[in-house]
Every structure is written in structure tokens, then in C-alpha cells.
Amino acid sequence: MITFKNISKSYQGKLALNQINLAINSHELFVLVGPSGSGKTTLLRMINRLNTPTTGRIEIDGQDISQLQNINDLRHQMGYVLQSGALFPNLTVAQNIAVTLHAQHLSKSDQDYRIRQMLQRVSLDPDVFMNRLPKELSGGEAQRVGIVRALVFNPKIILMDESFSALDPLSRKQLQNLLIDLHQEFQMTIVFVTHDMQEALRLATRLVVLKEGQIQQIGTPNEIKMHPANQFVADFFDDYQEKIPLINDVLAAGLGQPSHQKSGTLSVRANIYELAQAFQQESEVIVGDKSLKMADLVTYLAQQVED
Amino acid sequence: MVALINYLNTNQADIMKALWQHISISFLAILITILIAIPLAIVLMSRPRWGELCLQIAGIVQTIPSLAILGLLIPIVGIGTTPAIIALVLYAIMPVFSNTYAGLTNIDPQLTEAAEAFGLSKTFKLFRIQLPLALPMILTGIRIAMVMIIGTATLAALVGGGGLGSFILLGIQTNNNEALLVGAVLSALLALLFSYLIKFVTKVSVKIVGISLAVVCTLGLFVGGYGLLSETHKETITIAGKMGGEPEILINMYQQVIEQDNPDVQVKIKPNFGDTFFLFNGLKSGKIDIYPEFTGTALQSLAKVEGSIPHDPKQAYQAAKTQLAQQFQLTYLAPMRYQNGYALTVRAGDAEQYHLKTTADLARQSGFKAAFDDDFYRQPDGYPGLARNYGLQFDSIRTMAPALRYQALNAKQVDVTDAYTTDPEIKEYNLKVLDDNENFFPPYQAAPLMKATFAKKHLQVVKSLNRLSNQVTTQEMQAMNYQVTVQKQKAATVAHEYLQRHHLIK
């Protein structure tokens with residue numbers, strides 16, 4: 001259990017965090033979400049003492065972490081995944097992962113075994129990837145290695161700072177699923193920072209919404225969806241509501257046939273519900289210089305599910 | 001081209017020695033630089049305020065002309081390789097330090113944060129992450145420094161540090177283009193070679209870089225250390241000479257008579273060691289034991305003499321001997337016979353036609369055009385005093401570089417120039433030296449100068465050197481200078497032949 005007690009932080013006279021009281025239970029996948037400047041990353045970095053609070057204290061299983069003599073004893077218990085993977089460019093994948101195993105005093109063969117096992121677990125073939133350099137990896141692969149590096153020494157806690165924000169939507173979704181699976185399998189406590197409400201709702205067992213250094217609401221995704229505590233939370237959630245695709249998106253997916261008929265039935269800004277309505281009256285809808293059939297809409301929807 | 005090949009052939013051993021010296025000095029300097037700059041950058045990388053301060057200081061040091069640094073260092077550390085290496089290190093620290101510092105401090109903050117968050121030990125962080133990431137920058141800094149050091153090391157010759165610079169200096173001072181070319185081209189090639197080597201190293205893997213750095217360090221220690229050891233720990237007598245052929249002939253003579261008479265003494269000679277100032281300081285600091293000095297120079301530049309300088313050679317020597325002993329506790333042995341003072345020269349043909357034998361004869365002529373060395377033209381004891389003394393008058397007077405005025409005289413563009421009486425050009429261009437019949441110029445006779453304590457301890461050496469006193473006439477010296485400077489014969493050979501011919505050695 002990680003407990004924040006009356007945490008405040010001020011930078012150059014400005015209050016970045018104001019009287020934060022928060023308890024993160026063991027085995028939770030807890031998400032700190034909020035717009036930039038909300039203080040979520042500052043809060044996260046206090047857990048491994050990359051930041052220190054101005055007032056208040058943080059306890060892990062009842063132990064005040066500011067009282068720990070050796071800061072590395074604390075850090076050696078925690079995995080940390082940064083935004084871009086932050087792999088050391090001069091070290092191979094295996095060496096990058098071994099960096100966190102260094103403090104565990106394992107034999108070389110034990111290390112190799114662990115690294116191989118974990119790479120396989122995140123769907124990277126050890127024989128292919130172990131000796132690669134970070135520059136030979138895609139963004140998604142690099143972040144998988146980053147996760148392995150945080151996970152390989154079986155920490156009780158893993159901290160993740162905007163870990164998926166720089167990825168393309170497809171890799172992002174895959175890694176979110178991977179993280180959910182890993183959390184279920186290993187049952188460690190994960191504290192995850194994101195500015196993306198969608199991601200927060202998707203991942204979290206519980207989440208906290210922050211704004212300008214103050215807690216707006218703490219709860220499960222459902223609670224927050226159903227009962228936003230204030231207008232800010234409601235708006236923040238709305239902004240990140242799943243958008244209804246527009247006809248433009250259907251066209252952008254390469255669907256539809258060229259049409260020479262000038263007069264369009266619908267605008268490209270109309271959404272797919274309106275398109276479906278139109279198909280109830282006619283079999284072919286003209287949008288701009290393209291004609292769409294019902295089959296196009298079905299194909300489009302099928303593609304969305306695949307993603 | 002033929003001259004150059006000849007020069008290369010006759011001086012092969014000296015060139016190789018200078019090249020080796022140059023490489024040793026450069027290696028030792030880069031090694032010391034690396035050992036200072038890189039640890040300094042490592043210590044300061046987490047203290048940005050001090051780091052910036054050091055960058056500023058290193059930058060300022062680099063703007064001081066290297067010549068000035070050498071000059072400032074002489075009173076503190078004396079002459080020879082030590083001030084040269086210190087100056088080179090001061091110079092080279094800036095690029096190595098600033099590149100290492102920049103390399104270490106500009107590492108992606110995400111990586112630094114990751115390393116911190118994983119609780120990595122300081123040594124692990126430094127040697128596995130920070131240094132490898134900064135390595136390309138560090139190597140670039142070392143490359144810049146190396147090229148700079150090899151180029152600047154040519155200045156070491158000015159303080160008696162040897163190296164390729166001695167050829168450049170010799171070339172400039174004696175108008176010897178071959179020597180100049182050898183020194184300049186070799187040092188440029190050396191710089192290019194090392195730059196290329198280091199560049200090549202940057203392209204290969206970190207492991208190889210580490211190994212080669214280690215090799216360079218050990219090599220530098222070995223090469224430099226060996227050079228220094230062999231210089232300081234051998235019990236030998238060191239004799240140095242000023243720039244040019246004549247001093248080199250003299251010190252070879254000193255060496256040959258001493259070594260023949262004293263089989264247990266080894267004489268190390270350092271030709272083209274520097275100018276009067278460096279040699280005099282070198283003698284006082286014990287870096288060298290003996291060097292040939294002129295009586296006139298001793299009286300005018302070294303010892304402070306009250307009243308006018310004696311114009312009689314014997315009185316001049318006595319005065320110089322007394323003053324040097326009193327003021328500096330130096331022993332000045334008896335001089336050789338020849339005079340290498342100022343004089344006026346004309347073409348031999350003119351001398352015959354106008355019956356010119358002495359300077360007074362010239363004063364009776366009119367319509368002569370003169371060309372003088374700039375110093376000679378300005379110094380009160382040069383042309384202005386001479387003209388007043390003899391009542392000289394010329395049609396026109398121009399000042400030009402020493403070597404050019406002989407060419408001008410030979411090409412009949414001018415009719416009179418100043419000269420040193422033993423200049424080889426006198427023989428080369430068949431010139432007539434006009435006798436200073438009223439003894440206006442102070443006498444310049446060469447004699448060995450040493451510390452009084454040294455003379456007391458080495459009576460046999462003094463005895464050997466005294467055998468050379470009153471030897472060698474001005475004409476003989478001219479001829480020998482001609483053989484060495486114009487015909488490019490080896491000074492050692494020329495000296496040996498002379499000594500044998502006059503039964504001074506077997």
C-alpha cells in the first residue's frame with residue numbers, strides 16, 4: 001500500500017500539489033490522470049524519490065520513505081517505465097534489461113534465463129532481439145523491452161510515466177492489453193500516469209483525476225463515468241468520449257467508388273449513424289465525388305473491431 | 001628538389017630524432033591532457049556552476065598566444081621539454097575538457113532519469129552509460145587537441161624542447177628552405193596522420209576504442225617517460241648552441257676534444273637550442289652545462305657594464321669574464337681567434353677597382369648605395385654610430401631581411417651591406433669584408449661559458465676546451481660556415497676535419 005499524506009509541493013512559490021491525500025492499495029493498477037500541469041508526474045516521481053514533497057509524507061506499507069537511509073534500497077524494489085522506453089542506446093536489449101537485474105546478484109545464466117523468459121512473455125523472440133541495439137527496434141518493441149526491464153526483477157511496484165503516449169494507436173492498444181494481462185498474471189501494484197482519459201478508463205482498476213495540483217475525484221472507471229464529481233471531470237471525460245466516426249473516416253479508409261453524379265446526398269462531416277439512416281431509404285449514397293454502398297459501411301465497422 | 005633530397009640524406013638521423021622527439025612530446029602532452037581534462041569533466045558534470053567556470057578559464061587560457069605562455073613559464077620551470085609540455089597541455093585542455101563536459105552533460109535527460117530511478121551505482125552509471133554515450137564527443141575533443149598539439153609542438157624548439165620545430169626555426173633564421181620544408185611538411189603530415197587515426201578509431205566499436213585508449217596511454221607513458229628519463233638521469237655533460245651552422249660547428253668541436261681527452265665523459269650536444277636568452281637561462285638553471293657565447297653579446301646583452309664597451313678584443317674578453325664571474329658566478333674560458341662581429345662588405349670587384357680595404361677607405365668614396373639589416377640600421381652602436389665615427393655617406397640606404405641584402409649586393413642593386421664577418425655568403429658571393437680599422441664595433445669572439453661550480457668540478461673538461469683557445473681564423477670560420485650552411489655538410493664532419501687537420505684530435 002502506498003499512502004500519500006498531506007502532500008504539497010511548491011516550485012518557486014507556486015503550488016504544484018496541494019494537500020494530496022491518497023491511498024493506493026497493493027495489487028491495484030492505479031492511474032493518475034489529468035491535463036498537463038495537474039501534478040500527476042510530480043506525484044508519481046515522489047514514490048521513488050526522484051522528487052521530494054515540500055510538506056507531507058509518503059508511506060509504503062507503513063514505512064515513511066523519506067526516512068530510508070539508502071535511497072537505492074527503495075529504488076531497487078520498483079520498476080520504472082518512461083515515456084520513450086529510455087533504453088540506453090549503447091547497450092543491447094539484453095544488457096538494457098540486465099541493468100535492473102544488476103542489484104539482484106544473480107548468476108549470468110540465471111540472468112539470461114529470466115531475460116529470455118520475460119522477452120517471450122511480451123512476444124519478443126529472445127533469439128532475434130537479445131543482441132539488438134535500441135536503434136534497431138520499433139517504438140512498440142522498444143517499449144516492450146522497457147516494460148521487461150521494469151518487470152524482470154519481480155518488483156512489488158511498477159511506476160509508469162506516460163509510457164504509451166508516444167506510440168502509434170495500434171501499438172498503443174496492443175501494449176495496453178499486454179499491460180492488463182501482465183497485471184493480472186503478476187499482481188504487482190502499478191501506478192500509471194497518463195493525460196489520456198480513454199487510456200485511464202481502459203487500464204485502471206481505480207483512478208484519480210487531478211487538476212492544478214488538486215484531487216478532483218477518486219474512483220473506479222465506472223463510478224467516474226456514471227457520477228462525475230464536478231463539471232471539470234465531466235468535461236474531461238466528455239472530451240475523451242469515444243468519437244463517433246464521420247463519413248470522412250470511411251472515405252479515408254479507402255472505401256467507396258468514384259461517382260460522376262454531382263449532387264451529394266450527405267456531407268463528409270455527417271457521421272456514420274446518419275449514413276446508416278440514409279441507407280434505409282436508398283442503396284447508394286453520394287458523398288462529394290464518391291458513391292458509398294451499405295457494404296462499405298459494414299467493411300468499415302469490421303475494420304474498427306480488428307483494430 | 002635535388003637540394004631537398006640532399007638535405008634529407010645528410011640529415012636523416014637528425015630528422016628521425018626530431019620526429020621521434022616531436023611524437024614523444026605530443027604523446028606525453030596529450031596523455032597528461034587526457035588525464036587532467038577527462039577526470040575534471042567527470043567531477044564537474046554534476047556541478048554546473050563550477051563546470052561553466054572551468055570552461056571559461058580554459059577558453060581564456062587558449063586565447064593567450066602560445067609563445068607568451070612559453071615565455072611566462074621559463075622563469076618558473078626553466079627551459080627544455082618541461083615548459084613545452086606544460087604549454088601544450090594548457091592549450092589542449094580546453095577542447096578535451098569542453099567536449100567531455102558537453103558529452104557528459106548533454107545526455108538525454110530521460111536516460112539520466114532512468115539510470116537514477118533504477119538505483120544504479122555511480123561507477124556503473126559512469127562507466128557503462130555516461131562515458132560510453134559521451135565517447136564520440138570525447139574522441140572528437142582528443143582529435144582536435146592532438147592536431148593542435150602536434151602543430152603547436154613546433155614551438156617547443158624555441159625553448160630547447162627539440163622536435164620538428166627546430167628545423168622550422170633553423171630554416172627561418174638561416175634562410176634554409178630545405179630545413180623549413182622538412183619541419184613544416186613533416187609536422188603537417190604527422191598532424192594529418194594522427195587525426196586520421198583517431199577518426200578511424202571513432203568509427204569502430206567501444207571496446208576497441210577503450211583498448212586503443214589504454215594502448216595510447218601506456219605508449220604515451222612509455223615513450224614520454226623514456227624520453228624524460230633518458231634526459232634527466234644520465235650523467236653526461238650537455239653542450240648547447242644557438243641557432244645556425246656556426247654554433248653547431250663550435251659545439252661539435254667542444255664535444256670532440258672533450259670526449260677524446262676524457263673517455264669517461266659523455267657529451268650530449270643540442271644544436272639550434274634557442275636564442276641567447278634561452279641558452280643563458282638554461283645555463284643558469286643547470287639544464288645545460290656549457291654553451292659558446294660571444295664576448296660582444298656577453299657585454300651588451302648579459303652582463304651590465306658601466307661606461308663604454310672596450311673595443312680592444314683582449315680588454316673586451318677580460319671585462320666580460322670579470323663581469324660574468326661577479327654578476328652570475330659564471331666561468332668564461334678563453335676565446336677562439338676568429339671574430340664574428342659586424343662589418344661592412346662590398347663586392348670583391350669593387351674593392352679592387354676602388355682600392356677598398358678598410359671602412360675608412362669607403363668613407364672617401366661617394367655614389368655607393370647601401371642595404372642594411374633593420375636592427376643594424378637602427379641601433380646606435382650599428383650604422384648611426386658607424387657613420388658618425390667614419391663620416392660615411394651613401395647615395396641611398398634601404399633596410400631589408402639579412403638574407404636578401406646579400407642577394408641584392410650580388411645582383412648589383414646595392415653596393416654595400418652590413419655583415420657578420422664569418423657569414424658564409426661572403427665566400428659564396430665572393431665579397432670583401434672591410435676592416436673596422438678604428439675598432440668601432442665591439443669585438444665578437446666565441447668562448448665557452450659555464451657555471452663556476454661546473455668549471456671547478458670539471459678541471460679536465462676546462463683543460464680540453466682551453467686547447468681550442470686562439471684557434472680558427474675568421475677566414476677558416478667563413479669556410480666552415482660555407483660548408484655547413486651552403487653546401488649542407490654535417491657540422492660534426494666539418495668540425496672533425498678541422499680538428500684533425502690542426503692536430504687538435506687524433
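**Reading a pocket and an interface**

Mentor: In this predicted model, the largest pocket is lined by 46 residues, and B:Q173, B:M243, B:N340, B:Y420 and B:D423 are those that lie nearest its centre.

Trainee: How does the lining of the largest pocket divide by class?

Mentor: The lining has 19 nonpolar, 16 polar and 11 charged residues.

Trainee: Let us turn to the two chains. How is the size of an interface expressed, and what area is buried between chain B and chain A?

Mentor: It is often given as the accessible area lost when the parts come together. Between chain B and chain A, about 1700 Å² is buried, and carbon and sulfur atoms give 64% of that area. Chain A brings 21 residues to the contact and chain B brings 15 residues.

Trainee: How many salt bridges and polar contacts are counted between the chains?

Mentor: There are 2 salt bridges between chain B and chain A. One of them joins A:R45 to B:E113, with the closest N and O atoms 2.6 Å apart.

Trainee: Which elements of chain B give two or more residues to the side that touches chain A?

Mentor: They are α6 (109–117) and α7 (122–152) of chain B. Of the elements, α6(B) gives the most, with 7 residues. By class, this side of chain B has 10 nonpolar, 2 polar and 3 charged residues.

Notes
Residues numbered from 1 in each chain as written. Chains lettered and ligands numbered in written order. Predicted model: local features only at pLDDT ≥ 70, side-chain atom pairs only at ≥ 80, totals over all residues. Heavy atoms only, no water. Contact = heavy atoms within 4.5 Å. Buried area = accessible area lost by both parts, 1.4 Å probe. Salt bridge = Lys/Arg side-chain N within 4 Å of Asp/Glu carboxyl O. Helix = DSSP H or I, 4+ residues; strand = E, 2+ residues; numbered from the N terminus. Nonpolar A, V, L, I, M, F, W, Y, C, P; charged D, E, K, R; others polar. 1 Å grid on protein atoms, 1.4 Å probe; cavity = no way out; pocket = protein on both sides within 12 Å on 5 of 7 lines; lining within 4 Å.
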